[in-house]
Amino acid sequence: MALCIRSSNALCNSFLLQLMRATSIQSCLVRQHCLFTADANRTETIHLKRKIQLSRNTLPSLTWSIVRAYSKKGKDKGGKGHKKIDLAPEQLEDLVNMEKVNEEFNHVLEDLHEKFIHQVTLRTSIGAFDNLVVKTPEGNFPLIQLGQVLQKSPQLLTIDLATSPQYINNVKEALMGSGMNINPQQDGTSLFVPIPKVTREHRENMSKNAKALSEKSKKQLRDIFSKYSKKIKSSKEGHSADDLQAAEDKVQEMMHQVLHKVEEITAAKQQELLGGK
């Protein structure tokens, strides 16, 4: 019995000794793993710091500056987009007289409107001839200052140019380009003007004449824009390229507005001439 107890104690002691050795080895492995992980973390941290330092050395230095934000203009037909800015009134007036620009654009529109009222009509009257502008080498004059307009019959007018025969050709050109669909005939110092009957063909011809006058007005508007565009571009001293472009854009915007009005009154006049109104 005593022998069995001693054997049992010996086995227990042996098991406890082995357990302690295993625990010691595991603790050692844990410590080594922690040390290895810590070393790895330190190494990775060192590499990361080196990368950051390298990036700082290779990147350009940053500086702050105040700039104006521009909105890009959409591309026009066949053109390139560019930066669009709005100038202050005083800046704009320093580059271009917008009041003068507006006056010239509106003069073209008003002139076309007057022609549509007095000249491009189905029922031609003497009043349409009296105020017809005639271009001469000495300047522009209303027809009433160059000759006398007489109505011989409902279908015939005569223009007596006995006092200014040197302007006969100028008057003929003005009549044929008036949009009234007339063909003057010369007899000495007088011009005979047959008044056409109101037929479908006459209406269509008058509509075409209205369109032709409209195109002339559009060309005048573009010529005005071109004139001021050149003037703006010549004012480079003391102005940035963006400011010059902004002033030109403003004039162009005004031109487009008047062009749109020209198209509107032309369409309305053509509708009236063709019997749509």
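A residue is called buried when its relative accessible area is under 20%, exposed when over 50%, and partly exposed in between (1.4 Å probe, protein chains only). The model is predicted: local features need pLDDT of at least 70, side-chain atom pairs count only at pLDDT 80 or more, and totals for chains, interfaces and linings use all residues. Residues are numbered from 1 along each chain as its sequence is written, and side-chain values use heavy atoms, with hydrogens and water left out.

**Exercise 1.** Determine where the buried residues of helix α3 lie around its axis.

*Solution.* Step one: α3 covers residues 98–118, helices being DSSP runs (H or I, at least four residues) numbered from the N terminus. Step two: its buried residues are M98, V101, E104, F105, V108, L109, L112 and F116. Step three: seen down the axis, these buried residues fall within an arc of 145°, so they line one face of α3; the arc is that of the directions from the helix axis to the C-beta atoms. Step four: E99, H107 and E110, on the other side of α3, are exposed.

**Exercise 2.** State whether N170 is buried or exposed, and identify its contacts.

*Solution.* Step one: N170 belongs to helix α5, residues 168–176. Step two: its relative accessibility is 17%, and therefore N170 counts as buried. Step three: with neighbours within four places in sequence left aside, N170 is in contact (heavy atoms within 4.5 Å) with V134, K135, T136 and P137.

Technical notes. Helices (H or I, at least four residues) and strands (E, at least two) are DSSP runs, numbered from the N terminus. The expected span of a helix is 1.5 Å times one less than its number of residues.
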